[in-house]
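Subject: Structure handover

Hello,

I am passing the structure below on to you. My notes on what was found in it follow.

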Amino acid sequence: MAYIAPIHRPSSIRHALKLNLLTPEEDCLVVAKANVLELYIQTADGLSLQHSKTIYGKVTMLQQLRPPLSSTDHLFVGTDRYMYFTLAWSPEKKQLQTEKTFQDVADNAARESQTGERCHVDPSGRFMTLEIYEGIITVITLVQRGKKRKQESDIAQLGEPQPCRVDEMFVRSSAFLRPRSLDDKPKLALLYEDTNAHVRLKLRELSFAGSDAVELDDGESYRGDLELGASHLIPIEEPAHGLVILGETSISYYNDETGELLSEPLEDATIFVAWERVDAQRFVLADDYGRLYLFMLIVDRQGAVQSWKLDVIGQTSRASVLTYLDAGYIFIGSHQGDSQVIKVTEKSMDIIQTFSNIAPILDFTIMDMGNRSGEGQTNEYSSGQARIVTGSGAYQDGSLRSVRSGVGLEELGVLGEMNHTSNLFDLKSDPASSYVDVLLVTSVTESRVFRFDGEGEVEEVDAFAGLSLSEPTLAVANVSHGRVAQVTSSRVQITDLDGGIVVADWRPEGDQTITAASMNDIHILISLGGVAVVALSLDEELTVVKEKSYGTNSQVACVALSPTSTQICFLGFWHSSKLSVCSLETLDTVTEAQVSEDSVPRSLLLTQIFSDQPPTLFIAMADGNVVTYAFDTATNELLGRKSIVLGTQQANFRALPRGNGLYNVFATCEHPSLIYGAEGRLVYSAVTAEKATTVCPFDSEAYPGSIAIATSADLRIALVDTERTTHVQTLKVDETVRRIAYSPSLKAFGLGTIKRVLKGGEEFLISHLKLVDEIQFKELDTYQLNEEELVESVMRCDLPDGSGSTVERFVIGTAYLDDQNAVAERGRVLVLEVTEDRVLKLVTEIALKGGCRCLAMCQGKIVAALIKTIVVYTLEYRTKSKPTLVKAASFRCSTAPIDITVNSSLITIADLMKSAVVVHYKPGETGLPDTITEVARHFQTTWATAVANVGENTYLESDADGNLIVLYRDPNGVTEDDQRRLTVSSEMLLGEQVNKIRTIDVATAPDAVVVPRAFMGTVEGSIYLFGLISPSHQNLLMTLQSNLAELVHVPGNVPFAKYRAFKNQVREADEPYRFVDGELVERFLDLSEDLQDKAVEGLDADVEAVKAMVEAFRRLH
């Protein structure tokens, strides 16, 4: 039984609409992202999100309606499940409410529209048309005849949908003409392609035919030839009226009164993809190459169109929808690039706001920066230690996106360039103040002091409170009696804040150096070169409490004091990775523990994370591991050892206060993390301060609650987010990143890219394999493929090197664009090595008779999915210098392999039409050839897109209709037929096409309810976590989902079971089968107590138990 939850919600925008939805006076922008509606208003800083709502169905159309008695507009929404409804905003509830719902108007006998669904409202406000099926236009009456307006209800009295048959198939564009008089019947213009592949224009009139029946009369047609590339109709308002027809090589104006067509050629051919009206004569156009144009009609004094003018405004993302906001501001919604708000200036534009979009996800890989230690757990995505790197966008919008869960930082200001900062400390110049106002910055050679005033103005001072600034500071803090205590590498001193007088001074004997220090309100603990530890009393003016020497075989690596206890201290040792809890009075060991077997402790911190638990001791190991213990203050015992990998180098800790005596911990290393308590457990969350070297709290008057962050180059003041969110980093590639392979050992990505080049109005595609550094995303080398050869697959693997061992290689599968010109060679498999200079070099290649769709490894051999077959290749060294790929075995598929996954000797193939098949690869013995034999098959028609092995004999498959299917093979079936049959164990409609599934291995507790097994990337820019549910909780979760489906209401009143029910062209189910939607289940936490009580009715668990379980689900992602 399966579980799915979103990690990254859909970000692709295909539909947007401006209307007065929230208030009568204020414009509101409605944006549809797959199954999410977002409402924005325009502010001085750009668009501001006001409301977001999930609906049950992927949005396919949006339209504005204004009921006669309503002061605000209503929103008409259509979904991919042929459910249609109108929504209005309720100011009292601050929610969208459903006004009218059309039940399914699906016609199972009709063919879906091949050019997308469209919705229009005629200018007179009497009719609305829906184009859903080929040859059918569904008409909905908006004003019922025989009724006076004052008698109409407040919720737009919409008539029932009436299908009208038309002869025009394959309609490219449609639009209502603007009426020339009030008596004119609404005219619907259709731009369509006839059976001879000629483009035609036809006008049809809408009218009532008795009662409330509607007729779509056969109107006039334009008899002349239209450009074959004509794609869009733009209705023109008075005084000109008529239509503008956008083509690839020309733009035409059609006068519906005279039937004449005025056509003028474009300077450069292009493909227009979207348009938006600015006013009666000016329009904004967008083309397929990301160019934005201003189109203006030139009319004479009588209002007749004479010509037109087209100017390029600038370059943007490739637009899916354009919406004119006001005052020159335009919203550009994009499916394959970032959506933007731009401001049009004279013949140019400025980008005002950008909305990140990772759609479509063509491929992705997982960078797990943990899981290097034998004892360390595999890091989950939610910790931020695993990052998902996606190949997103297409052509000029192509990019690499790094998607990571983490804590965000809001930068408040940059103090200036400062190199090699080793530590930061906050101080008060006035001990009575509640704010700090001094920041001490120390480097390897000196210390510097900066003072802040209440307005945030900063000044560097040469002296402060008598502190020693000519050497590095190891610790400094305000202490009692208006004094400051400072530890440097050569001395410990207490100075007076007012006069800067040195009150007490202690220096080590001889030439000993202070290498580590820790301080609380009562004591200072220092390490002298690692061979001696000294405890000093602050109250007694640096009197030595105890000094103890250690031999060279047990040197001290780090020291720490408890922030509250006066009795104990902590010492970490180089030898045997030992940690000792010692008495401060004697420095004798009270308790000790061996922290690790293969590293040493380098940094210690004891702090209070939880209000109802003992303080937590953090130990940073030299290899990047962080070990934690709960410290029992009564018995001085170290309890509950846990370990996690934060990076490859030691972390440095700093406690950040969060109120009520509790703290978060900021760990700086190459992957900075914030460690905080949530729901009784420690949460490690990555921070977006990638280059941070050290931090400290800086709660100043001008920047309350902020922190100071030092990087290798500068010093900044910032605010830290209070919770973990998803963060996306972008690397523009300007090419389609079709495939990604990641090499942890090389610390680099292999990217299969496709670049589109325009030469003389003709498109050319060039394909490369790019080697890109994992940290800076810097391009290291590029291997260009042949002309008209496209990359289809890229894989990183270990292959024989000819000397008995293996070596890392990148393998590329390609296909030629034009099969007609390449008779013998239609694809290749190439093996490339990365040299010591990080340059790509060809090792060997083999020509194919078809393209290579995907690649995998099976028992050290390359598995290639070709156009119709699966072939296993062996890399053989027949000569020492040049290896060759030798065909070892092959298997003929039903249609064409789309994806493959390998588990040991079993290869699972996702077939284009025939779902999935599992085959067994067996190497030949005693001279016999290798064989591939079919083991099991799913005997159903499914247009597969991806497959992955998510458990023993368990496979997850996705299809082109947006369904997810979990298949199970029973090798111990009663009959041979049972063993050969893949049976469906779970299925549901996701509503988004999955392009790639990557399996993961996450360490979970033995009693975990859900075990994460895979990530999925979709066309709409969503990333989902897929997991398997333990058998003991299956009934509980299914019952909980059913109860919540009855209690949680969404706009449109679409039943949850119908929304998630499996549906393809062959079969339609009534509800999801053994599949739990995590997004719905996690809404349990947002319900009121009364509804939570209802949701747990019939369950073997109470509200608290279910709440704890659902909170654990949330922590998975």
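The chain exposes about 47,100 Å², and carbon and sulfur atoms supply 45% of that area. Please keep in mind that this is a predicted model.

Overall form

Buried residues make up 55% of the 1117 residues in the chain. A compact globule with 1117 residues would have a radius of gyration near 32 Å; the chain has 34 Å, which agrees. Along the principal axes, the C-alpha atoms fill a box of roughly 105 × 85 × 65 Å. Among contacts with a separation of 6 or more, 50% are between residues 24 or more positions apart.

The chain has six helices and 83 strands. It is divided into domain 1, residues 106-223, and domain 2, residues 733-892. The centres of domain 1 and domain 2, taken over C-alpha atoms, are separated by 51 Å.

Helix α6 covers residues 1103-1115, which is 13 residues. At 1.5 Å a residue α6 should span 18 Å, and its end C-alpha atoms are 18 Å apart, so the two values agree. Which residues of α6 are buried? They are V1103, V1106, M1109, V1110 and F1113. Seen down the axis of α6, these buried residues fall within an arc of 130°, so they line one face of the helix. They pack against β1 (2-8), β81 (1010-1018), α2 (1034-1047), α4 (1078-1081) and α5 (1089-1095).

Helix α2 has 14 residues. From its first C-alpha to its last, α2 reaches 20 Å, close to the 20 Å expected at 1.5 Å a residue. The buried residues of α2 are Q1034, L1036, L1037, L1040, Q1041, N1043, L1044 and L1047. What covers them includes β82 (1023-1029), α3 (1056-1060), β83 (1075-1077), α4, α5 and α6.

S603 is found in strand β49, residues 601-607. Is S603 buried or exposed? Its relative accessibility is 11%, so S603 counts as buried. Leaving aside neighbours within four places in sequence, S603 is in contact with C558, F618, I619, A620, A651, N652 and F653.

E763 is in strand β62, residues 762-773. With a relative accessibility of 35%, E763 counts as partly exposed. Not counting residues up to four places away in sequence, E763 touches Y289, R756, V757 and L758. E763 and A678 are 85 residues apart in sequence, and their C-alpha atoms are 54 Å apart in space.

Backbone points to check by eye

Most residues other than glycine have a negative phi, and most peptide bonds are trans.

- E238 and P239 are joined by a cis peptide bond, with omega about 10°. P239 sits in the loop between β18 (232-235) and β19 (243-246).
- The peptide bond from A359 to P360 is also cis, with omega near -20°. P360 lies in the loop between β29 (348-355) and β30 (361-368).
- Y395, a residue other than glycine, has a positive phi near 50°. Y395 is in the loop between β31 (386-392) and β32 (399-417), and at 26% relative accessibility it counts as partly exposed.
- S577 has a positive phi of about 50° although it is not a glycine. S577 is found in the loop between β46 (568-573) and β47 (578-583), and it is buried, with a relative accessible area of 4%.

Regards

Notes: Residues numbered from 1 in each chain as written. Predicted model: local features only at pLDDT ≥ 70, side-chain atom pairs only at ≥ 80, totals over all residues. Heavy atoms only, no water. Helix = DSSP H or I, 4+ residues; strand = E, 2+ residues; numbered from the N terminus. Expected span 1.5 Å × (residues − 1). Buried < 20%, exposed > 50% of the residue type's maximum accessible area, 1.4 Å probe, protein only. Arc of directions from axis to C-beta. Contact = heavy atoms within 4.5 Å. Domains from an automatic or database assignment. Rg over C-alpha atoms; globule rule 2.2 N^0.38 Å. Areas by Shrake-Rupley, 256 points an atom, 1.4 Å probe, with all protein chains shown as cover.
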